[in-house]
Amino acid sequence: MGLAAGISWPGESVLTSDGGLATELEARGHDLSDPLWSARLLADAPQEIVAVHEAFFRAGATVATSASYQASFDGFAARGVGRDDAIGLLRRSVELAATARDNAGARDARIAASIGPYGAALADGSEYRGRYGQSVAALTRWHRPRFEILAGAGADVLACETVPDVDEAEALVNLVRSVGVPAWLSYTIDGSRTRAGQPLEEAFAVAAGIDEIVAIGVNCCAPDDVLPAIATASAIGKPVIVYPNSGERWDGHGWVGRPRYTAHLARQWAAAGARIVGGCCRVRPADIAQVAAVLR
C-alpha cells in the first residue's frame, strides 16, 4: 500500500504530534550511541518502538513519526545489513507505528514516515550545521532510494524533518514533486535562521507553490524560536507545523539547562497559527498529554 493520495490537515482544530522517540527509548534502558540511533531497534527491539509510539498515542498524540530518521542504506550496510533487509526495516518503521496506533485505538491518527537529513546519517552532528559540501543534485541522488521506499510504505505523509539548510530542502522538494506524495518540510533553526545561516524567509520560500508540501515549519529547535518562525512560515500560505525540543541544550556530553517546553507555549503557538503542534528531543508523553489537553 502506497502513501495516501492526499492528506487533509485541520482547519480550525489543531493536531498534536508526538515527542522524542529516542528520548523514551533511552528512558526504557536502550543505549542509542550508535550511528543508526533509534533505527537500530528496528532490527534489535521492534516491540520497544511500538511501546513508545503507543505511549504517545495514549497521551493524546494524533500524529506519530516513524523511527526511520537516522536510517540509511549506508548505515545499515555498515552493520552488515543487506539492501533487501534494509528495505524491509525501512518499511517496518511505518508498520510499527501503525501497529501502535491500532493497539491504542487511535483510529484517526496519522503516521508520518521520517526522512531525516543527510547530516543525520553521518552521525557527527552535521544536521545542526548543514553546508555538507554536497550539491543539490548530489543530495537528491543520496536521498532518493530511501525516499522512494518510505513513500511506498503506507504512511499518510512524509516528514522531511530537521533540515538544516536550503540546499537540502531543495533536494527534498525535488523528490516530493517527482514522486508526487504529500510531505511536510521542517527546518531546524537557530533564532530566525536555518542552522546553516540562511534567513527563514528564503528557507520557507522553497515550498511556495508546491502542492505536495502540505505543511511547513520547524523542529529540533529551542521553544523560544518557535513563535517568530510561525509568523514567517505563515506568509507562505500553508499549514504550519512546530515541534521543538524541551529547551535543554546538548553540550556534547549530556543535556544541560532547564526545560522550557510547556503546554502554555503550545497554546500560544496554536493561537499564532500553528496547525500541528508537538515536540522533539526530550519532550515526553506526559508533556504531550498536557499539550493535547490544552489544544482540545
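Predicted model: local features only at pLDDT ≥ 70, side-chain atom pairs only at ≥ 80, totals over all residues.
1. Which residue does the side chain of D34 meet in a salt bridge? The partner is R79, with 2.6 Å from N to O. The two sit in distant parts of the chain, 45 residues apart: D34 is in the loop between α1 (21-27) and α2, while R79 is in the loop between α4 and α5. R79 itself is partly exposed, with 43% relative accessibility.

2. As a reminder, an α-helix has 3.6 residues a turn, so residues three or four places apart point the same way.

3. Next up are E248 and R282, whose side chains meet in a salt bridge of 3.1 Å, N to O. E248 is in the loop between β9 (240-243) and β10 (249-250), and R282 is in the loop between β12 (274-277) and α12 (285-295), so the pair ties together parts 34 residues apart in sequence. E248 is buried at 14% relative accessible area, and R282 is partly exposed at 32%. Back at D34, shared partners join D34, R40, D44 and R79 into one network of salt bridges. The count of salt bridges comes to 13.

4. Helix α5 deserves a look of its own. It runs over residues 83-104, which is 22 residues, and reaches 32 Å from its first C-alpha to its last, close to the expected 32 Å. There is a bend of about 25° at R92. After α5 comes G105, with a positive phi near 70°.

5. What covers the buried residues of α5? The cover includes α2 (41-44), α3 (46-59), α4 (73-78), β3 (110-115) and α7 (136-151). Among the buried residues of α5 are I87, L90, V94 and R101.

6. Finally, the cores. The largest nonpolar core has 82 residues, and L158, L185, Y187, I213, V242, W269 and V277 touch the most other members. α5 gives this core its largest share, 8 residues. Apart from it lies another core of 14 residues, including A112 and W184.

Key:
Residues numbered from 1 in each chain as written. Heavy atoms only, no water. Helix = DSSP H or I, 4+ residues; strand = E, 2+ residues; numbered from the N terminus. Expected span 1.5 Å × (residues − 1). Bend = angle between axes of the 7 residues up to and from the residue. Buried < 20%, exposed > 50% of the residue type's maximum accessible area, 1.4 Å probe, protein only. Contact = heavy atoms within 4.5 Å. Core = buried A, V, L, I, M, F, W, Y, C linked by side-chain atoms within 4.5 Å. Salt bridge = Lys/Arg side-chain N within 4 Å of Asp/Glu carboxyl O.
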